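Hello,

Here is the structure for you to look over. My notes follow below it.

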Amino acid sequence: MESLIQTINKLQDVFAVVKGHSIDLPQIVVVGSQSSGKSSVLESLVGKSFLPRGTGIVTRAPLILQMIKYTNEDMKSMMDITNNKNITEWACFSHIENTVFHDFDEVREEIEKRTDILAGENKGITDKPIVLKVYTSLYTLTFVDLPGITKVPVGNQPADIEEQIQQLIVKYVRQPNAIILAMVTANTDPATSESLKIAKQWDPEGARTIAVVTKLDLIDKGTKSDKADLLCGKIIPVKLGIIGVVNRSQKDIDENKTLEETLKNETEFFRTNYPEICKMHGNKVLANKLQDILIEHIKITIPTLYKNLQDTKTKLENELKTLKTPDCEKTFILELLNDISKSYCETVTGDRKDASDKMLMGGAKIVNVIQDNFSKKFMAVNPLNNLSDKQIENYLLNTSGIKKSSLVNHKALEIMVSKQLEYLIEPALSFVDVVREELFKILDSIDQKLLDELERFPKLKNDVRNTLDTLLEMKLKNIKKSIKSHIKTHQKFLNTTNPNYLLQLINSSTECSSSFISNKNTYYNNLKSFGVCSSEIDKIEKEVVSNMYKDILSSLGGLNNYKSEIDVQVKLHKQFTRCYFEFIRNTLRDFVPNRINHKLVNFVLKKFDKKLKADVFMPFINNSSSGGMLVEKEGVAEERKQKEGLLIAVNKAFKSLKEIQKQ
């Protein structure tokens, strides 16, 4: 079943060179503090000294280390390149084709060189991985070696180096399919272990964490019993196990002690110090344990991995359809403009099949603006705004001249009503601008696929938006002029016999309501007596209105309750002005939105498609210099190339997974 690991290796090779993928591969992620023994453990497992060493951060890029138990076919491929039959262990890098390293000192140098290329030479780090394949006669196993956790920048390291390293480590360990190999030093308190803290955060149950205890040979003899508890799993709650190892010391390295000798010394160390559990620890045990864990983990995750690849493939194929270079530019632009116009109109009229359940959009938003913006603002205008009793008195007296003011002073009433209706013009005209703005914004809420297409081509997007903007401006002035003229008409010509106005008066007082009921009966009785003669009807209407005015006057207290007759007149005309203003406002409350819908909204719905053809498509057809219409914005070509590369990678991954299904 080692072929399972090799299949995952292929997936790692595929995705290591592709940006932007989120495929969660089953892999062992090595986490530990600086000087925790990470490098020594990995070298012991590989059986070769090949990792960079030194002070500060040595590992500055993720190292995907693939140990491969080579086959005869692998050996033949190596010999074809090197023509050397004496090589028994060798290494290859994915970034260097057809190159075999059999000197592992050169492997170390290439890791350092590649790290400087990817991460720079200033001790910074990168998330771009280095893929190293080590062909060995031992076993097949894969690791992702990450930078050691550090707290304090050293030398010319970036000030935020700790945060950078934490983000890189988290990127790998948070993946549900990652097995966390946490390095814990025996000569420190496990409670302070940074690797265990990270493992605990992202794997609270310890279900995918295995701990490796290093530096057991450096502890005091008096603490061996405590470390025995640690090695038996009584201290660290991880479910995949705890394995102790003894690595080469710096002295061993300086003296060029071989890894074979180190492994023999390790075996003797456990037999001497921990005889009861010696067979459960050591680098060989760790290698076998990790191989078993990884194989079982791969078996479990294959169905999920397959589904993730399928979802990713579908998503990429759909995205590439949007990013596809048009085969025929004319056809592409014409169809796109048709779709944009259609989607825009459907958004306004509410005919979209993908109507949102999250927010209001299109025509519904315009209706909402009418209710929440226009109607409230319009109805909140005070009918007697800036009209004091003294002003009313002056209007009444000045319009009467040398004559005594009549019961109803129509001249004064016209002046006051005209003045008050002026306050309705601004909110009415401003609402035209509000609807115009909403109609323009609707273009940003059409089908997302169409918006993505427009986003690709800045000039085309700009032309479409300018076309809609121009279309809206074409009617704006005329609509405002029409609405203003309509209000001005009401300012100039008062109709105090209009039933709706009279109704406002009737509802203004209880006495007036009673009078209306009484006079209405008289009115209809007289109509029956005089037939349908228009002159007689006018006479009766005037009589009814006159009686009603007298009743209003009576409801206001009559002449006897005021200091002078003019006080009564002021009170009376104040009531007339308020009622007539409200009568006209109620009319305008429906007229203004209806006028805008009829003259602006419907106009755009009818003309948008034709305008797009005339102002966008025809100039493209007639003018060869407008070829820049389909010039993509910066970064789109690179994005398309990236997604194409990722799709190729996903297809290769599917091919590898099918190999597993055959096993």
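Helix 10 has a kink of about 50° at Thr-301, shortly before the proline Pro-303. The bend is the angle between axes fitted to the seven residues ending there and the seven starting there. Helices (H or I, at least four residues) and strands (E, at least two) are DSSP runs, numbered from the N terminus.

This is a predicted model: local features need pLDDT of at least 70, side-chain atom pairs count only at pLDDT 80 or more, and totals for chains, interfaces and linings use all residues. Residues are numbered from 1 along each chain as its sequence is written, and side-chain values use heavy atoms, without hydrogens and water.

Eight strands form an open, mixed sheet in the order 3-4-2-5-1-6-7-8. Strands pair if DSSP finds at least two bridges between them. Strand 3 (90-93) and strand 8 (242-244) are the edges; each has a single partner strand, so one side of each lacks a neighbour in the sheet. Strand 3 runs antiparallel to strand 4 (residues 130-136), joined by four bridges. Trp-90 has Tyr-135 in strand 4 as its bridge partner.

Next, the aromatics. Rings of Phe, Tyr and Trp (its six-membered ring) pair if their centres lie within 6.5 Å; planes under 30 degrees apart count as stacked, over 60 as edge-to-face and the rest as tilted. The count is 10 aromatic pairs. Phe-332 and Phe-457 pair edge-to-face, at 5.7 Å centre to centre and 75° between the planes. Tyr-70, Trp-90 and Tyr-135 form one aromatic cluster.

Best wishes
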